[in-house]
Amino acid sequence: MAVLVTGGARSGKSSFAEKLAMHRGKQGIYIATSHIYDEEMRERVGLHQQQRLQSGFPWETREEPYALRDCLEQLHESSEGAVVLVDCLTLWLTNWLLHYEGMSDAAQLVIKQIDELVDVVSSYSGQLILVTNEVGDGIVPEYPLGRQFRDLAGRMNQRVAEVCQQVFLVTVGIPIELKSRAYMLD
């Protein structure tokens, strides 16, 4: 079962996703997608790691800023019932967008990465929880790269939500279920 957890910055989505994983499994595999670019980010990552350690839940952490599809395909075959938590898709998208920055076909290259991710999520049979940022509620970014990111993130979030069996929006620490297995329009 694939679950998407979305919300704004500091909304509580990662905490909710971790609690959901602990509720749904006996062990977890945490896939971190961020790069550590500066000391503030290093401290943030360290805090998240410390919180997972203190939870008492057996987490295995893997860092995968690019090859998320390959990582999920491998875990699909070998996760042995572990809940897989990916945090977060928008950082993964940022990594690819910056990787392709300046190329005339950057958006198409990123869309190809999104397509491949959606394919593996749609066929994932184990417990998979994906965290992403909701970026469509803010102002229109001033710079072209920011607008491109917002548009691609919106497209990615819609595509991933479409193939997930459950979708939650977390705001002010409160999760609201937007989609469940029982609610499908077709």
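**Figure 1. Surroundings of threonine 33 in the predicted model.** Leaving aside its neighbours within four places in sequence, threonine 33 is in contact with Glu64, Pro65, Val86, Asp87, Cys88, Leu91, Trp92 and Asn95. In this predicted model, threonine 33 belongs to the loop that runs between strand S2 (28–32) and helix H2 (39–54). Threonine 33 has a relative accessible area of 0% and is therefore buried. Cysteine 88, one of the residues in contact with threonine 33, places its backbone oxygen 2.6 Å from a polar atom of the threonine 33 side chain.

Figure 2. Side chains of opposite charge can pair when their charged atoms come close. The view shows arginine 69 in a salt bridge with aspartate 70, where the closest N and O atoms are 2.6 Å apart, and in another with glutamate 116, where the closest N and O atoms are 3.5 Å apart. Glutamate 116 is part of helix H5 (residues 106–123) and arginine 69 is part of helix H3 (residues 68–78), so this pair ties together parts of the chain that are 47 residues apart in sequence. The relative accessibility of arginine 69 is 27%, which means that arginine 69 counts as partly exposed, and aspartate 70, at 39%, likewise counts as partly exposed. Glutamate 116, by contrast, counts as buried because its relative accessibility is 18%, under the 20% limit for that class.

**Figure 3. Glutamate 116 and lysine 112 within helix H5.** The side chains of glutamate 116 and lysine 112 meet in a salt bridge with an N to O distance of 2.7 Å. Both residues lie in helix H5, where glutamate 116 and lysine 112 are four residues apart, about one turn of the helix. Lysine 112 has a relative accessible area of 45% and is partly exposed, whereas glutamate 116 counts as buried. Through salt bridges that share partners, Arg69, Asp70, Lys112 and Glu116 are joined into one network. A search of the whole structure finds eight salt bridges.

Figure 4. All six residues of strand S1 (residues 2–7) are buried, so the strand is largely enclosed by the rest of the structure. In a regular strand the side chains alternate between the two faces of the sheet. Here Ala2, Leu4 and Thr6 point one way from S1, while Val3, Val5 and Gly7 point the other way, and all of these residues are buried. Strand S1 runs parallel to S5, to which it is joined by six bridges, and valine 3 stands opposite isoleucine 129 in S5. Strand S1 also runs parallel to strand S6 (residues 166–171), with five bridges joining the two, and leucine 4 stands opposite valine 167 in S6.

**Figure 5. Confidence of the prediction along the chain.** The mean pLDDT of the chain is 92, and 97% of its residues reach 70 or more.

Methods. Residues numbered from 1 in each chain as written. Predicted model: local features only at pLDDT ≥ 70, side-chain atom pairs only at ≥ 80, totals over all residues. Heavy atoms only, no water. Salt bridge = Lys/Arg side-chain N within 4 Å of Asp/Glu carboxyl O. Buried < 20%, exposed > 50% of the residue type's maximum accessible area, 1.4 Å probe, protein only. Polar contact = N/O pair within 3.5 Å; in protein donor to acceptor, adjacent residues only side chain to side chain. Contact = heavy atoms within 4.5 Å. pLDDT = per-residue confidence, 0-100. Pairing = 2+ DSSP bridges.
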